[in-house]
Amino acid sequence: MDSYYNDSGAAAAVLVVMMLFGFIFAIAGYVLTSLFLMKIFEKAGVQGKWRAWVPVYNAMVFLKLGDMSPWLILYGVGATILLGWVPVIGQIVGIAAGVLMVLAAYRVGQKLQKEGAWVVLYIFLSVIWLGINAFDKSRWNTQIPPAPWAGNAFFGDRTVWDGVPVQSSAQAAPGYGAVPQGYGGAPQGYAPPQGYQPPAAPGYQQPATPGYQPPAAPATPPAAPAAPAVPPVTPPPAAPGTPPAPPTAPPAAPPVPPAPPADPTQPSA
């Protein structure tokens, strides 16, 4: 009987020690995970370090940075509470939640300049994956191709949270819905030069803006004053030459003789 109680006491002591070590490891894992998430959130521009230390909520922010709907985690928690007692259903819910976190880690790794193969490290040693991405020299980059699920109304991120930057790459890819921010438009912060007008299409007339008056054309500058008239230069008179000879007087005509008197004996005509 005594040996039975001794064995039971020893087993209880071992169980207590194991539970104590398990609790310590759980606390240590939670602290490390929250610390690494805090550094990753800082790279992503998330405001407020407290977001990385709140259970469940830090996973929601992580999903949002991975271009996935953050509410999927709450769906998984609710399904676990309601259906976790069913063996098969509980396992399916757990696997689904793990797949969501892996997909989010894949997108977060891309934005931290990591190849897709890095997600394998997250699957087996997520704490090490978080630590590498938290303390290496990588920089957050949102100008990557949109996620394949960005246009899906259930999986895609459509939330806007104060303090969490909107991920431009989370918008729908061409063919999935909306055009992603930063694709097909002018870069953010870019303004065309003052006075620039884009060329209009043939036959297109730009509608007038209500209340807008186009600037008046600059006035034509006055013409330059005419130069004063210069009087013509009078050429000097020519030197006098030899005067011409006087004209020769014509010869005088000889006098006409008078007509003879008429003969009175001749009959008149």
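I began with the pair formed by helix 2 (residues 57–65) and helix 3 (residues 71–83), whose axes come within 8 Å and cross at roughly 135°. Because of that angle, helix 2 counts as oblique to helix 3; the cut-off for roughly antiparallel is over 145 degrees. I note here that the model is a predicted one.

Next I looked up which residues make this contact, and found A59, M60 and L63 on helix 2 set against W71, L72, I73 and L74 on helix 3. Sorted by class, the contact of helix 2 with helix 3 has seven nonpolar residues, with no polar and no charged ones.

I then turned to the loop between helix 2 and helix 3, where S69 lies. Is S69 buried or exposed? I read a relative accessible area of 7% for S69, so this residue is buried, the cut-off for buried being under 20%. Setting aside neighbours within four places in sequence, I listed the contacts of S69 as L63, F154, F155, G156 and D157.

Last, I took down the values for the whole chain. I counted six helices and zero strands, which read along the sequence as α-α-α-α-α-α. Of the 269 residues, 24% count as buried, and the accessible surface comes to about 19,700 Å², with 70% of that surface belonging to carbon and sulfur atoms. For contacts with a separation of 6 or more, I noted that residues 24 or more positions apart account for 62%.

Technical notes: Residues numbered from 1 in each chain as written. Predicted model: local features only at pLDDT ≥ 70, side-chain atom pairs only at ≥ 80, totals over all residues. Heavy atoms only, no water. Helix = DSSP H or I, 4+ residues; strand = E, 2+ residues; numbered from the N terminus. Buried < 20%, exposed > 50% of the residue type's maximum accessible area, 1.4 Å probe, protein only. Contact = heavy atoms within 4.5 Å. Areas by Shrake-Rupley, 256 points an atom, 1.4 Å probe, with all protein chains shown as cover. Axes fitted to C-alpha atoms, helices over the stretch in contact; angles between N-to-C directions. Parallel < 35°, antiparallel > 145°, perpendicular 65-115°, else oblique. Nonpolar A, V, L, I, M, F, W, Y, C, P; charged D, E, K, R; others polar.
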